[in-house]
Amino acid sequence: MRKNIFTTVLLMGFLGFQSCDKYLDIVPDNVATLDYAFKDRVRAEQYLYTCYSYMPRHGLPQYPGQFDDFTWTHGGVDWLPQYGYFILRDGNNVTSPMLDYWTGQGGATHLWQAIRDCNIFIENVDKVRDLEDFEKKRWAAEAKFLKAYYHFFLMQMYGPIPIVDENLFVDVGPDEVAVTRRPIDEAVDYIVKTLDEAALDLPNKIEVEVSELGRITAPIVKSIKAKVLVTAASALFNGNTDYQSLANKDGVILFNQVYDPKKWQRAAVACKEAIDLCHEAGIKLYTYSNPSLGLSETSRLVLSTSRVVSDKWNVERIWGSGQYGNSRILEEYTLPPLDPNHTSFARSVMVPTLKAIEVFYSDKGVPISEDNTYDYANRYEVANTGENYKYLMQSNVQTAKLHLNREPRFYGSVAVDGGWWFGLGRFNENQQWPVNVRFGQQSGRASIERFSVTSFFIKKLSNFESAYNAKDYLDKRWDFPIFRLADLYLLYAEALNEMLDTPNEEVYEYLNLIRHRAGLQDLQTSWTNYSKFPDKFQNKAGMREIIRTERNIELAFEGHRFWDLRRWKTAIENFNQPVRGWSIEEKEVPNFYMVRTVFNANYNLRDVFWPIRQSELSTNRSLIQNLGW
């Protein structure tokens, strides 16, 4: 049986230490237990897998990055862990925070415990008697990477954090364990230093795939380093005067107050280093091809959008989550009921918002609001599809103009009323599942629990090879992409653009590689010929907007927009906009295509960073709370 390294290992002898809840970094002095844990390679490997087991569940609604203004839920079920949506709907709190990775509560793993376990592993792996020296170095490097990543994850959520590079012994005094939060720049330097150390002893690629897929490689480390530095160069962490009053009790200011443009240069260098290493390891942009299906080029481009996510361990994957149960859960949460029998598994509770529908380009490769050939002012009006949308939309049906004349990634990422759904037992592009969402129709609202609150569905997070045999849903599982090459290309383009006075050909190059894969012309041609702002790509501000839009489209529903909006300092503006969709209670076409507001969020400056649980502050008097809490 294939080994799943992300299964939580129940090492009661290892994790049953007498832990100290008062402080976040004390290691028990149970020497006998530690000696047993590192007695041989089997036990040591189990301990390493325990370090992995704290990984946040990327892709699911209980992952912080997975909820944003591009998705919503109706909230009418108890079985869905909707922590993120609860935060946007009702706000967080200091008594019992949701998604509390600081203490491991509210649907989260305990990342300070994870860091402690990583430190224990690094300090003891040399004791393993039947482990080769190169293996000891490699395994220690994996733990170093995880320790750095967990620090970074906490920094993204909480801002300034303590740095726990070594564990403390239980006989130290209270003053020594009362750790303080460190300035952002200091935390970033520590994370980068630790990542650089880890990269030295890791392979460029996994050779023994049957047992080691999911283990950390040097391209993963370098790519995360690039992301750390892009995040540090962004507005949230680079000269952010919103947090000028956030200081430790000794007066140390935790946010740098002066914008430093050199941080973008450092980020660009790291991005290019990561790209080169990824290419050397054989990582490249994925293109979907399956001649046996006899697909048209139109259908191939549409399917490529989801296959880059759901084709397990494909060539574009830099780092994937080995939590294979996540893919089935994602499909159940996002699939529409396409047949009366589908209601047993198609829950349709994590769905796109109208904002997500509108962000995708027109078929000319520019935003619909800019396209001088697109009827943007009348986009909510009804039109007949005719025969021109054979593989994209059903023929001769009435639908919103908004659903027509869009790029391939639109039809591959989302499903709309009058559209098609390929797969789930239907592999002929001429006989796809029809998606009909008006009230009383097959994919429309039929119960109080399983329906799309906006009328839209996410196609991108499903594997079209999954099937239904009239009794059971047979999912073909896949690894969720934590990091893929297109993301790295976009980070590099962003860093270059911010570093330069005006964008250059290299900035265009990395966006165009992604656009061409999506079936679009290069951005220079599209903007020059079809945009109301034909010179937009020639200046820094215009190119910044293009890059951000490209990230929103290419990485839609993959858990990146939440972090991007925060680091760009645009989260408050975006999260406070109404959540909107079509009028799902209506049967008739004109009434159905009336925009309705599903929810009005209330997102403030204090919501940007998570609150630290009040009990932690009561225990450690040196910790200070985030602003507004």
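# A tour of loops and helices

Start at Leu99, in the loop between helix H4 (83-90) and helix H5 (111-124). Helices here are DSSP runs of H or I of at least four residues, strands are E runs of at least two, and both are numbered from the N terminus. This is a predicted model: local features need pLDDT of at least 70, side-chain atom pairs count only at pLDDT 80 or more, and totals for chains, interfaces and linings use all residues. Residues are numbered from 1 along each chain as its sequence is written, and side-chain values use heavy atoms, with hydrogens and water left out.

Check the backbone of Leu99. Its phi is positive, about 50°, although Leu99 is not a glycine. Leu99 counts as buried because its relative accessibility is 0% (buried means under 20% relative accessible area, exposed over 50%, partly exposed in between; 1.4 Å probe, protein chains only).

Now select Phe557, in the loop between helix H19 (540-554) and helix H20 (561-567). Phe557 is another residue other than glycine with a positive phi, near 70°. At 5% relative accessibility, Phe557 counts as buried.

Next, show H3 (residues 41-52) and H6 (residues 133-158). Their axes come within 10 Å and cross at roughly 20°. Axes are lines fitted to C-alpha atoms, for helices over the stretch in contact, and angles run from 0 to 180 degrees between N-to-C directions. H3 is therefore roughly parallel to H6 (under 35 degrees; over 145 is roughly antiparallel, 65 to 115 roughly perpendicular, the rest oblique). On H3, pick Arg41, Ala44, Glu45, Leu48, Cys51 and Tyr52; on H6, pick Glu135, Trp139, Glu142, Ala143, Leu146 and Tyr150. These residues make the contact (heavy atoms within 4.5 Å).

Move to H11 (residues 262-280). Its 19 residues should span 27 Å at 1.5 Å a residue, and the end C-alpha atoms are 28 Å apart, which agrees. The expected span is 1.5 Å times one less than the number of residues. Buried residues of H11 include Lys263, Trp264, Ala267 and Cys271. The buried residues of H11 pack against helix H8 (184-199), helix H10 (218-233), strand S2 (317-321), helix H16 (485-499) and helix H17 (505-517). After H11 comes Gly282, with a positive phi near 90°.

Finish in H16, at Glu498. Which residues does Glu498 touch, not counting residues up to four places away in sequence? Select Trp264, Lys540 and Arg544. Glu498 counts as buried, at 9% relative accessibility.
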